[in-house]
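The entries follow in the order I made them.

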Amino acid sequence: MEWALSLLLNNPDIFEKAYSEIEKHIGAQNRLIEESDLNELPYLNNIIKETLRMCPPNHLLLPHESSQECTVGGFRIPRGTMLLVNAWAIQNDPELWHEPNKFKPERWGDMDDARFSFIPFGFGRRGCPGEGLAMRVVGLGLASLIQCFEWEREGEEMVDMTEGIGVTTPKALPLIAKCRQRRAMVNLLSQLYKNLPPSPSPALPILGHLHLLKKPLPRTLSALSKAHGPILSLRFGSRPVLLVSSPSAAEECFTKNDVVFANRPKLLAGKHLGYNYTTLVWASYGQHWRNLRRLVSTEILSANKIQMFTTIRVDEVRWLLDRVYRNCSDGDFAAVEMKTVLFEMTLNNIMRMIAGKRYYGQKMADLEDETRKFKEMVTETFELSGGANIGDFFPVLNWVGLNGLVKRLKVLQQKRDKFMQDLIEEHRKEKKSENSRDQQTSKTMTDVLLSLQENEPEHYTDEIIRGLMQVMLTTGSDTSAGTIEWALSLLLNNPDTLKKAYMEIKSRIGEQNRLLEESDLNELPYLHKIIKETLRMCPPTRLNAPRESSEECTVGGFRIPRGTMLLVNIWAIQNDSDLWPEPTKFKPERWGERDDDGFSFFPFGFGRRRCPGEGLAMRVIGLVLGSLIQCFEWERDGEEMVDMTEGSGLTAPKAQPLVAKCRPRRAMVNLLSQL
C-alpha cells in the first residue's frame with residue numbers, strides 16, 4: 001500500500017481517476033467502501049497490479065533448491081543448486097513491458113496477468129498461499145484511503161521511490177504525505193468511533209476479547225455484562241459483536257430493529273452445512289428466506305400438519321415407555337441413562353415425520369447399513385455444529401488452509417447430502433408406483449414437498465428439500481430431548497414438585513385406566529408451569545442463534561455499525577435476580593403469578609427469526625414428560641443431588657447425562673406390559 005500510495009502521489013491524474021471510479025460506484029449511498037465493492041472497481045485493481053509489477057513484495061522470489069539434476073533452457077542443473085528468480089527484473093524488462101518504468105495502470109486493460117511475466121506472489125507449489133488475503137487487505141485499505149481523504153505530496157518534489165534493504169523491499173525513505181478529509185466523508189468519519197457501546201478491557205490485538213471467554217460461555221458473558229453494562233461492544237477476532245443482556249435492549253433488537261438484525265452472519269457451518277447460506281436457518285433475510293419460512297409455517301409446522309403427525313408422536317412415546325419399563329420390569333428400582341433414550345425417541349419422531357422411517361429401537365436387516373450411516377451422520381452433525389469454529393473469527397486460517405474443520409464440514413455435508421437425496425429418490429419412486437393409492441394417507445414431509453415440486457419445480461428443488469430435511473432433523477430433536485432431560489433432573493432434585501405433578505395427572509385421568517394423551521395437556525396447568533420453569537432456567541439455546549446487522553442502527557442509544565454480530569444472552573435475562581425473585585430456585589408456582597413477561601422470557605427467540613417449531617416442541621415435551629411422570633416412580637441414583645452443570649454444545653446439554661432410578665407405578669403395570 002505504501003508503494004501504491006507513493007506512485008499515486010507522483011501521478012495525480014491516476015489518483016483522481018481512481019477516486020472517480022469509487023465515487024461513481026458508491027453513488028449516493030453515503031457509506032464507507034466494503035470488500036464486496038472491490039470486484040466492481042477494475043481500475044483500482046489495475047493500480048494494485050501495476051504497483052505489484054513495478055514494486056513486487058519480494059524482488060527476488062524466495063530461494064528454491066533442486067532435489068535432483070534437471071535441465072533449464074537446455075542447460076544441466078546439478079542436484080542441490082539454489083534457485084533465485086529475479087521477479088523484479090522480469091516484471092521491469094523493456095522487452096516484455098512497454099515503458100516499464102512508467103506507472104500505467106491502463107496497460108492491464110490490454111493484457112492479462114501475462115503468466116510468467118508477472119509473478120509477484122511466486123508460482124507453482126510454493127506460490128504464496130496468502131495471495132487472496134493480501135489482495136483483499138491491499139484493495140480495501142487503499143480504496144478506503146482514496147475514498148475518505150484528499151492527498152498531496154509534502155513538498156513540490158516527487159516522492160522518492162528509492163528502494164531500501166529488507167525481506168520485503170521497503171522504501172528507503174518512509175512515505176510522508178499530506179491529507180485532509182473529503183468534505184463528503186466528514187460526517188461518516190466523525191461517527192466511526194462515536195457513541196459505541198462500552199467495551200471491556202483489555203481487547204488484545206488480533207484476538208480482541210476472545211481471551212476473556214471461558215466455559216460455560218453464557219455465564220462468562222453474563223459476568224461481563226454485570227461488570228460493564230447490559231449492552232456491550234465486543235470483538236471476537238476480526239468480527240465485531242453486540243452483546244445484549246437486558247429485556248429492554250432485547251426488545252429494541254427484536255422489534256424496532258428486527259429487520260436490521262434479521263440476517264445471519266457468514267459462519268463456516270452455514271457455508272458448508274447450510275448450502276452456502278440458503279437454508280431456513282442460515283439464509284439472509286429476503287424473498288428467498290420469506291418463501292422458506294412461509295413454506296415451513298403452512299406446509300410443515302402448521303397446527304393442522306402437527307395434528308396430522310399425532311399418531312407418530314404417540315407411537316414413539318409408547319416405544320419410550322416400553323423401553324424404560326423393560327429396563328425395570330421386575331418391579332424394583334433400576335437405573336436408566338435418560339439422555340440416550342430421550343434423544344433416540346425424538347430422532348425417531350422427527351425422522352418419521354420427515355421420511356416415515358425410524359432408526360432406533362428395532363432391528364431390521366435391510367435397514368442395518370442405513371441405520372449405521374444415519375447414526376454416524378447425526379453424531380458428527382451435532383459434534384461439528386456445536387463448537388466455536390476458529391475460522392469464523394480468523395478468516396485468514398481458512399484462506400491459507402490451516403483450518404482442518406473446513407475439510408471435516410465438507411465431508412460431513414457430502415454424507416448428509418447423499419443420505420437425504422437417497423430418501424428423496426426412494427419417496428419419488430414410491431410415489432410413481434402408488435398412483436392407484438389414496439395419496440392423502442400417511443403423507444410425510446418429503447411427500448408433501450415432492451407434491452409441491454410437481455407444480456413448482458423451480459421453487460421446490462431437491463436442494464431446497466434436502467435443506468429443509470436437514471434443518472428439521474437438527475433443530476427438531478436434540479432441543480426437545482435436552483429440555484426433557486433438564487426437566488426430569490430438576491424434578492428429581494425437587495421431589496415435592498414431582499409428586500404434585502403426578503397428583504395433577506392422576507386427578508385428570510381418574511379411573512379411566514389409560515395412558516396420557518396430547519388432548520389432556522391443556523388440562524394440566526401445573527405440568528405446563530414445570531415446562532416453562534425449565535425453559536426459563538435451562539433454555540434450549542442459552543444464546544440466541546447469532547444475527548447480523550444489515551445496516552447501521554441504534555440500540556439503547558448506542559450506535560451499532562453495519563455488519564455487527566448480535567448475541568442476546570437469553571440465559572442471563574431469564575436468570576436475572578432483578579427480574580426473577582430467587583432465579584436459581586425451581587419454582588413452577590411463579591407462573592401462576594405472571595405471564596410470559598415478553599422479553600424477560602423468550603426461550604424460542606423472538607421476531608421474524610423466532611423458532612417456527614415451538615408448537616411441535618411443546619407438544620413433544622409435554623407428552624413425554626407427562627407420560628414418564630404418570631407411568632413411573634422416580635428417584636435419584638444416589639443420595640446426592642443431580643448435577644446441574646452445563647456442558648458445551650449447540651443446545652446446552654447437561655455436562656453429565658442424567659442417570660435416574662425408576663420403577664413402574666403399580667396402577668400402570670398392566671398397561672405398560674401390553675405396550
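**Backbone, helix and domain checks**

I began with Y275, which sits in the loop between α9 (268-272) and α10 (287-300). This is a predicted model. I read phi of Y275 as positive, about 50 degrees, although Y275 is not a glycine. Is Y275 buried or exposed? Its relative accessible area is 10%. Buried means under 20%, so Y275 counts as buried.

I then turned to the loop between α6 and α7, where I206 is found. I206 also has a positive phi, near 70 degrees, and is not a glycine. I looked up its accessibility next. At 64% relative accessibility I206 is exposed, because the cut-off for exposed is over 50%.

Which prolines of this loop did I note? P202 lies between α6 (186-190) and α7 (217-228), and P216 is found in the loop between α6 and α7 too. I checked the peptide bond from S201 to P202: it is cis, with omega near 0 degrees. K215 and P216 are also joined by a cis peptide bond, with omega about -5 degrees.

Next I took helix α12, residues 310-327. How far apart are its end C-alpha atoms? They are 26 Å apart. The 18 residues, at 1.5 Å a residue, should span 26 Å, so the two values agree. I listed the buried residues of α12; among them are I312, R313, E316, W319, D322 and Y325.

Last, I looked up the domains. The assignment gives domain 1 as 1-192 and domain 2 as 268-388 + 441-541 + 605-673. Their centres, taken over C-alpha atoms, are 57 Å apart.

Definitions and conventions
Residues are numbered from 1 along each chain as its sequence is written. This is a predicted model: local features need pLDDT of at least 70, side-chain atom pairs count only at pLDDT 80 or more; totals for chains, interfaces and linings use all residues. Side-chain values use heavy atoms; hydrogens and water are left out. Helices (H or I, at least four residues) and strands (E, at least two) are DSSP runs, numbered from the N terminus. The expected span of a helix is 1.5 Å times one less than its number of residues. Buried means under 20% relative accessible area, exposed over 50%, partly exposed in between (1.4 Å probe, protein chains only). Domain bounds come from an automatic or database domain assignment.
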